[in-house]
Amino acid sequence: MRTDTGHVFKLEDYRPSDYLIPRTSLGFRLSPDATHVTALLTIERREGVAAAAPLVLDGDGLTLLGVAVDGHTLPASDYEATPDRLTILKPPAGQRFELRLETEVAPARNEALMGLYRSNNVYCTQCEAEGFRRITYFLDRPDILSVYTVRIEAPHNEAPLLLSNGNPVESGTLADGWHYAVWHDPFPKPCYLFALVAGALGKLADSFTTMSGRHVELGIYVEPGKKRLAGYAMDALKRSMKWDEEAFGREYDLDVFNIVAVSDFNMGAMENKGLNVFNDKYVLADEETATDADFANIEAIIAHEYFHNWTGNRITCRDWFQLCLKEGLTVYRDHEFSADQRSRAVKRIAEVRTLRAHQFPEDQGPLAHPVRPRRYREINNFYTATVYEKGSEVVRMIRTMLGPETFRAGMDLYFERHDGEAATIEDFLKVFEDVSGRDLAQFALWYHQAGTPNLTVRSTHNAAAKEFSLEIEQSVPPTPSESRKRLMHIPLAFGLVGADGSPVAWTAVEGAAVDDGLIHIRKRRHTVRFSGVSERPSVSLNRGFSAPITISVQQKADDQFFLAAHDSDAFSRWQAFNTLLTDALIAAFRQILGGKQPVFAARLAELAGSIAGDEALEPAYRALALALPGEADIARDIGKGIDPDAIFAAREALARAIAEANREAFLALYDGLADKGPFSPDAASAGRRALRNILLDYLSLLPGGAALAARHFTCATNMTDRAAALAVLAHRHSGTAEADDALTAFEARYRGDALVLDKWFQIQAGVPGAKTVEKVRELTRHPAFSIANPNRVRSLIGTFSSANQTGFHRADGEGYRFFVETVLEVEKRNPQVAARLATALRSWRSLEPGRQAKARQALLDMAKVENLSADLRDIVERTLA
């Protein structure tokens, strides 16, 4: 475990390596405790580099067995070796030479799940970001592109399946029951995309014919007996391949494409060239074990990793500072895929909810960083919502500004110009400047500057002059290391809405560039005047969430109610209602802190009922609209002095008020939405279940609610309904016979299915209230819980710390004390998972003083631990800074 956190990597310090490795041949003789790795590297000195320049290779905990150059064993005086570095002091004078390295690794003892590890009798690799150096010494950086040939040897009875990147070349038997397989990937790639899988796995086979007529063999490998659960993933893969051809002109380029599902994995999935490795929760699904959300996640993540074949693999990033070039861009692509497969409006709202829940707090706290960071100490800690979700939004803004045709032309040029290269953000932006003729220098600040911009907007209407004006002021709050901000280019989509809900026309506009429904905000202040507007319109701003910003609009509640009922832009209609709910919740929070009972406007509950019953709206859309802002969302909008108990009380009070005002209508709608046919994971069916389950959540607050939820649980024919009812019982009726019986029945039914038990852990970890910390502590001793498995840890500890505001932020600090104890225990095995857990304390400064002091002490307790891993110490120190 690396504990050195002293070195800071800076973007400005980037320089090409002195050496390249154009070809890499790897040999593996697999053994749980002593795998022998042979690496034959073709080393090439860059032009202009002195012959005497040493070759310095990265390692991480390696045992070196041998070094040879051009077939000759290297004397010990010619190299220096430590577990973390190998330096060839006197490389041959020629431009090219061959370096042979022999190392030994112990996959069975690798609990960090980075490099080569063995889990459930399956050998697996994870090399992003810097895991390859745990296999052999190498120039472990993204701009070193190499063509790989890999030979794997293993006992046939232990590992009948031997997989690596690229295309299969050769296989055969060896002495003593061993066998081998050789794989070759013709496309140069960085070492973080290397993959190896070996073990006894079942295979779901299929094929795909590309748009040019090439035949591709498809395989999804899963634990024996689970092949039937991979069918939806295979269907999603084939739809992804077809969509990428149609939407981006990208055709798959190898003879085979394989996916392997493993149960111990630090991430969701990994896009290794031709051999994607997945956390099995994003592959395995049927109606008995997976919710509609699981099906949607499988579809999106299968697509995301496949789309990386071009945006990440064929074109990779020059250095880790450019991480958003592959991740943000590919998130945008998978969002577009899901929008086309399902509902564009519903998908957009879900994306924005995710961004606000995870990225906005990041921008507002001590872990804030630009979409392209300028410095880091531990790159594993920069796989963040800012890089992924905000990075996607920046790509979306480019498309919004340029239009779909010009955007596609830019993407085509990007693929043509940079195929086979390690590119930069500047390379990406340049193709859009070239195809559009626009200067994107100011827009590029979205990549270079941290923080969420805010627009303050006032509107006035001069009836006599028939002039409507918007006064818009831009500000970007300070973030760590960036106290002074430059002005952004913000594409603000807008609409002027008349009294009958139709668009209001204007004859002229001045004060800012306005085109295709966009106001281009470039200065600190704009006064935008629309002529020929005879009646005062309602203004709809940031339609479709055209920019990842916050808006402070001086607007009457009447306008928000009007837009929530009549705005033609689906996202803005949802946003107007969500704003009304948020404002009501913040007012209720303050009333509760003042010792008063919260009071809500009757028309808010009436509007909720109207939306719920509006058959012109998709059920999935109505479900999202009825979902109250989360406790963390409310806390973010309040800003300071957060009392989670008061927020919870405000949220419960509003939910009860809506339920009481709409009891009969909600009951009738709930009954009418019951599934009447066989289960289908399609978007329409999932939307109906989502609406029915959100109605159940409201109705559970009324007399008889526990009995209704218990019937829903008992009668459920699929996991979506069963898990929803269990969550309602556990969260709304904790401690009742109905809740206890359902929890017991669920555990008994799924005792042998780890992924389903994750839902059981997750639901209990999310039970609000002060007692949950004791329950979570008890669940860590459950036979199905393993602190070495990332999925178990995330389902229980991650849910408790990130999604249970009242339990985690218990006033006496017991939630924090338990959290520190558990994170430090996880860190002994898996520093990456521990570091990600620790980000739950990123907003500690926003808490009220008592909780704030206890949260700070929790961070200090972690900081004082000796030999803390580089991953965890980096998060703790930045959070405290």
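By contact I mean heavy atoms within 4.5 Å, and I keep to that throughout these notes on what is a predicted model.

**Entry: Gln555.** I looked up where Gln555 sits and found it in the loop between strand E33 (550-553) and helix H9 (557-566). Setting aside the neighbours within four places in sequence, I find Gln555 in contact with Val539, Gln560 and Leu563. With Gln560 there is also a polar contact, made from side chain to side chain at 3.1 Å.

**Entry: an open sheet.** I then traced a sheet of eight strands, which is open and of mixed pairing, and wrote down its order as E6-E5-E9-E3-E2-E12-E15-E14. Strand E6 (72-73) and strand E14 (167-173) are at the edges, and because each has a single partner strand, one side of each is left without a neighbour in the sheet. For Ser146 I noted that the bridge partner in E15 is Lys189.

Entry: I next checked Arg151, which forms a salt bridge with Glu153, the closest N and O atoms being 2.8 Å apart. Here Arg151 counts as partly exposed at 29% relative accessibility, whereas Glu153, at 15%, counts as buried because the limit for that class is under 20%.

**Entry: a pair across the sequence.** The side chains of Arg525 and Glu473 meet in a salt bridge, with 3.3 Å from N to O. This pair links distant parts of the chain, for Arg525 is in strand E31 (residues 525-531) and Glu473 in strand E26 (residues 467-475), 52 residues apart. I recorded Arg525 as exposed, with a relative accessible area of 53%, and Glu473 as partly exposed at 33% relative accessibility.

**Entry: a network and the total.** Which residues are linked in a network of salt bridges? I listed Glu336, Asp340, Arg344, Arg348, Glu351, Glu393 and Arg396 as its members. For the structure as a whole, I noted a total of 80 salt bridges.

Notes: Residues are numbered from 1 along each chain as its sequence is written. This is a predicted model: local features need pLDDT of at least 70, side-chain atom pairs count only at pLDDT 80 or more; totals for chains, interfaces and linings use all residues. Side-chain values use heavy atoms; hydrogens and water are left out. A salt bridge is a side-chain nitrogen of Lys or Arg within 4 Å of a carboxyl oxygen of Asp or Glu. Buried means under 20% relative accessible area, exposed over 50%, partly exposed in between (1.4 Å probe, protein chains only). Helices (H or I, at least four residues) and strands (E, at least two) are DSSP runs, numbered from the N terminus. A polar contact is a pair of N or O atoms within 3.5 Å; within protein, one must be able to donate a hydrogen and the other to accept it, and residues adjacent in sequence count only if both atoms are side-chain atoms. Two strands pair if DSSP finds at least two bridges between them.
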